[in-house]
Amino acid sequence: MKSFLIASFAALLTVAATAEARPMAKVNNVEITEEMFTAFVSSRTQKPVAELTDQDRELLTEELIKLVAVGTEARRKKVQSDPEVAAKLQLQELSFLAQTYLQKHLEDQPVSPDKLQALYDTRYGNKPMTEYKARHILVDSPNTARQVISELEAGGDFVTLAAKYSTGPSANSGGDLGWFTRQQMVPEFADAVVALNDGAHSAAPVQTQYGWHIIFKEGQRETPPPQLGAVGQELERELQQQEIQSLVEGLRESAKVRTYQ
């Protein structure tokens with residue numbers, strides 16, 4: 001609640017400063033505008049003002065009035081003069097402005113169909129995809145993993161041992177991961193699956209960021225690449241991330257930075 005109030009009031013003061021704001025109320029000499037109310041509703045409910053019922057609007061207006069009343073009293077008491085509070089307000093404002101700027105940049109420079117097609121051709125083209133089917137048992141330590149491997153080598157059933165030992169969400173389904181591509185798994189796990197023969201389990205624990213795995217490879221198959229329409233949104237997000245990363249790095253490179261020892 002504390003961080004929400006700080007973020008809301010910082011954002012609302014920014015909105016209040018716009019030149020063409022339309023007033024709908026005034027609290028302690030601070031005008032509550034339609035734009036401010038819209039921003040408050042968005043941060044509070046994540047839905048458009050047009051979807052509010054009359055009762056919703058009344059309740060949210062009263063909530064906003066209380067927020068501004070408390071915020072302006074805090075400002076009158078010079079709460080913003082506290083160095084920690086001032087720093088948090090500055091960070092809130094800069095974070096809000098940065099996010100808005102990056103979002104506007106993506107809206108002004110949408111991913112072109114040619115770029116999307118080029119990435120699709122590079123990633124998929126007409127090349128068949130290899131999919132793998134595997135199960136795994138995820139445990140917290142290499143010693144437990146080695147114990148599970150010993151039980152498997154003694155004739156233990158993988159599905160039964162998954163239900164007994166695995167801490168992963170697939171434990172109740174015998175560790176079943178279904179069909180997946182290499183790119184869908186973290187590299188250590190994917191490499192281990194690819195190296196296994198069909199019907200074999202890993203002879204040693206496989207460590208990833210999630211813990212220690214014992215993997216059983218059930219098979220693999222070749223499938224046609226997905227259509228552009230099926231992966232277009234995913235590829236578009238990837239290109240947007242690349243664009244943002246390039247923009248941020250460029251701004252960092254051109255920024256006038258001075259550090260103090």
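Two strands pair if DSSP finds at least two bridges between them. Strands (E, at least two residues) and helices (H or I, at least four) are DSSP runs, numbered from the N terminus. The views below show a predicted model, in which local features need pLDDT of at least 70, side-chain atom pairs count only at pLDDT 80 or more, and totals for chains, interfaces and linings use all residues. Residues are numbered from 1 along each chain as its sequence is written, and side-chain values use heavy atoms, with hydrogens and water left out.

**View 1. The open sheet has four strands in the order S4-S3-S6-S5.** The pairing in this sheet is antiparallel. Strand S4 (176–181) and strand S5 (206–208) are at the edges and have a single partner strand each, so one side of each lacks a neighbour in the sheet. From one strand to the next, the twist averages 45°. In a regular strand the side chains alternate between the two faces of the sheet.

**View 2. S5 pairs with strand S6 (residues 211–223) in the antiparallel sense.** Three bridges join S5 and S6. Threonine 208 has glycine 211, in S6, as its bridge partner.

**View 3. Strand S1 (residues 23–27) and strand S2 (residues 30–33) form an antiparallel pair.** Four bridges link S1 and S2, and valine 27 is the bridge partner of valine 30 in S2. The hairpin of S1 and S2 has two residues between the strands, and asparagine 28 takes a positive phi near 50° there.

**View 4. Helix H5 (residues 113–123) crosses H9 at roughly 105°.** The two axes come within 10 Å; axes are lines fitted to C-alpha atoms, for helices over the stretch in contact, and angles run from 0 to 180 degrees between N-to-C directions. H5 is therefore roughly perpendicular to H9, a term for angles of 65 to 115 degrees. Contact means heavy atoms within 4.5 Å. On the H5 side, Lys115, Leu116, Gln117, Leu119, Tyr120 and Arg123 take part, meeting Leu228, Val231, Gly232, Leu235, Glu236, Glu238 and Leu239 in H9. By class, this contact has seven nonpolar, two polar and four charged residues. Ala, Val, Leu, Ile, Met, Phe, Trp, Tyr, Cys and Pro count as nonpolar, Asp, Glu, Lys and Arg as charged, and the others, Gly among them, as polar.

**View 5. Helix H7 (residues 158–165) lies across S3 and S6.** H7 runs at about 50° to S3.

Methods
Angles under 35 degrees count as roughly parallel, over 145 as roughly antiparallel, 65 to 115 as roughly perpendicular and the rest as oblique.
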